[in-house]
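Here is a short tour of one protein model. Look over the sequence and the structure before reading on.

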Amino acid sequence: MSRLLVEKGTLLGLRSPEDIQVGTDLYAEDGTIRALGEQAARMASQPGEPVERLDASSKWIIPGFVQAHLHLCQTLLRNGPENLELLPWLEHHIWPGEAAHDADTMGISARLGLAECLSSGVVAVLDMGSIRHADALFRTAARSGIRYTGGNVLMDDSETTPVNLRARAEDGLAETERLRAFWHERERGRLRVAVQPRFAVTSTEVLLRRAAQYAAEKDLLIHTHASENRGEIDIVRMRTGLSNITYLDTVGLLTKRTCLAHAVHTEPSEREVLALRKTSVVHCPSSNLRLKSGVSPILDLRASGVRVCLGSDSAACNDHLDAFAEMQLAALLPRAANPPRTLFALEALRMATWEGAHALELAGEEGLVPSARADLALLDPERAWALPTEWSEKPYAAIVFSMGRENVFATVVDGVVRYRVNDPTVMGLKPKPEDIREAVKKLKSRM
Ligand SMILES: [Zn+2]
């Protein structure tokens, strides 16, 4: 049984602007917040397992960030071609790189990515994985202590998918089922398997329909990309006569368990379908800018009733896995529209935390209250360059507009401290530079 006492922090539950408790103790047991205030200190002093303590005086405690769209297999492909759009970038850099992995390089790639996430206050990720070596991803996720939802990626279309990344629909789904049988709900439920057709372009209709059916039977999340790039949308329209989102709906992939990365280019009618199906959209603004895809109209999506959360996509198209960067861009980009529009800091913070948790079906009770999950990011406003914070009554704009991951003091997942400031190794998870270089050398030699 894990026990944790976080002492004298300012709790920002993010349920409403007023959801703030200053200088309060928080006690968690077995991954769940059990008590606040005096009661917390009393419970921590009772005999039992040793209590892990965090001195949080002058720290701000928020629900941890959720990275709702990642490719951990691409962390080793960081800092690649600078000037390619999505389809040629996939063809020339990503797919050859993914195909070159073995289980060892996959493990290094995942360690590097998850260490970066944990040191940035991230408590849960949804990871697209690759066609092979998903076990290495799950093993690494188990070691890291993070909440990990992932699996193998499904690609079966012979016209668009390179032969070394292709698997027939039944073979790809058999691999997902093998992973589900072994990994799903392990590590106290922190590991989960998702059904992951890469996108409509690399999928036959048979694959998409079977994936939807299988996910419904097993009650699994569906994770895919959609309407990221105009070239992608043109291919789908040419092949099916339908808009991308309409096509995904026709094959049954749009559900309340579906997380759709990007949705940069959507018509009002498509946004209505997404809202009707309760499908979540994962906004990845850095990646969308880096690959020249465009800017997702997230305020229109939200106004249509679509849940929008945030993701960094991959280190190969970003090129950092930093929840703060995505939150800042999400809040800033609407201000560049004509006429300018506003997404307030608290809304951006909610997108980075609770909306992501809901999209991944992790939320449970919202707020930092007894019975909620003890998944926390502790922020230190006195580190780096966030002071002064006195000009605003509320702390949200300071977090979104002036803080960065250098302000993360600790990350707690499932009631256990998984990162503390001043530990650059992230508890030994981060690979050594020479191991990273060696792994990249291996990938290059096979590409
Ligand atoms: Zn992606």
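Strand E1 (residues 3-12) pairs with strand E2 (residues 20-29) in the antiparallel sense, over seven bridges. Two strands count as paired if DSSP finds at least two bridges between them. Strands (E, at least two residues) and helices (H or I, at least four) are DSSP runs, numbered from the N terminus. Leu-11 has Gln-21 in E2 as its bridge partner.

E2 also runs antiparallel to strand E3 (residues 32-36), and four bridges join them. Here Tyr-27 has Ala-35 in E3 as its bridge partner. E2 and E3 form a hairpin with two residues between them. In its turn, Asp-30 has a positive phi of about 55°.

This is a predicted model: local features need pLDDT of at least 70, side-chain atom pairs count only at pLDDT 80 or more, and totals for chains, interfaces and linings use all residues. Residues are numbered from 1 along each chain as its sequence is written, and side-chain values use heavy atoms, with hydrogens and water left out.

## Two helices in contact

Helix H3 (residues 103-119) packs against helix H4 (residues 134-144) at an angle of about 35°, and their axes are 9 Å apart. The axes are lines fitted to C-alpha atoms over the stretch in contact, and angles run from 0 to 180 degrees between N-to-C directions. H3 passes H4 in a right-handed crossing, meaning that the near helix is turned clockwise from the far one by less than a right angle.

Which residues of H3 meet H4? They are Ala-103, Met-106, Gly-107, Ala-110, Arg-111, Leu-114 and Leu-118. On the H4 side are Ala-136, Leu-137, Thr-140, Ala-141, Arg-143 and Ser-144. Contact means heavy atoms within 4.5 Å. The residues of this contact divide into eight nonpolar, three polar and two charged. Ala, Val, Leu, Ile, Met, Phe, Trp, Tyr, Cys and Pro count as nonpolar; Asp, Glu, Lys and Arg count as charged; the others, Gly among them, count as polar.

## Cavities

Five cavities of 30 Å³ or more are counted. A cavity is a set of points, on a 1 Å grid over the protein atoms alone, where a 1.4 Å probe fits but cannot get out; lining residues have an atom within 4 Å of a point. Grid points are joined across faces, edges and corners, and a volume is the space filled by probe spheres set on the points.

| Cavity | Volume | Lining residues | Lining make-up |
|---|---|---|---|
| Largest | about 150 Å³ | 16 residues | 10 nonpolar, three polar, three charged |

In the largest cavity, Val-123, Trp-354, Ala-357, Arg-373 and Asp-375 lie nearest the centre. Strand E7 (122-127) and helix H13 (345-359) each give two or more residues to its lining. H13 gives the most, with three residues.

Helix H2 (residues 86-99) supplies the largest share of its lining, three residues.

## Backbone details

A cis peptide bond joins Asn-318 and Asp-319, with omega about 0°. Asp-319 sits in the loop between strand E14 (308-310) and helix H12 (323-332). The peptide bond from Leu-387 to Pro-388 is also cis, with omega near 0°. Pro-388 lies in the loop between strand E15 (376-379) and helix H14 (396-402).

Ser-371 is not a glycine, yet has a positive phi of about 90°. Ser-371 is found in the loop between H13 and E15.

Terms used: On a 1 Å grid over the protein atoms alone, a cavity is a set of points where a 1.4 Å probe fits but cannot get out, and a pocket is an open set with protein on both sides within 12 Å along at least five of seven lines; lining residues have an atom within 4 Å of a point.
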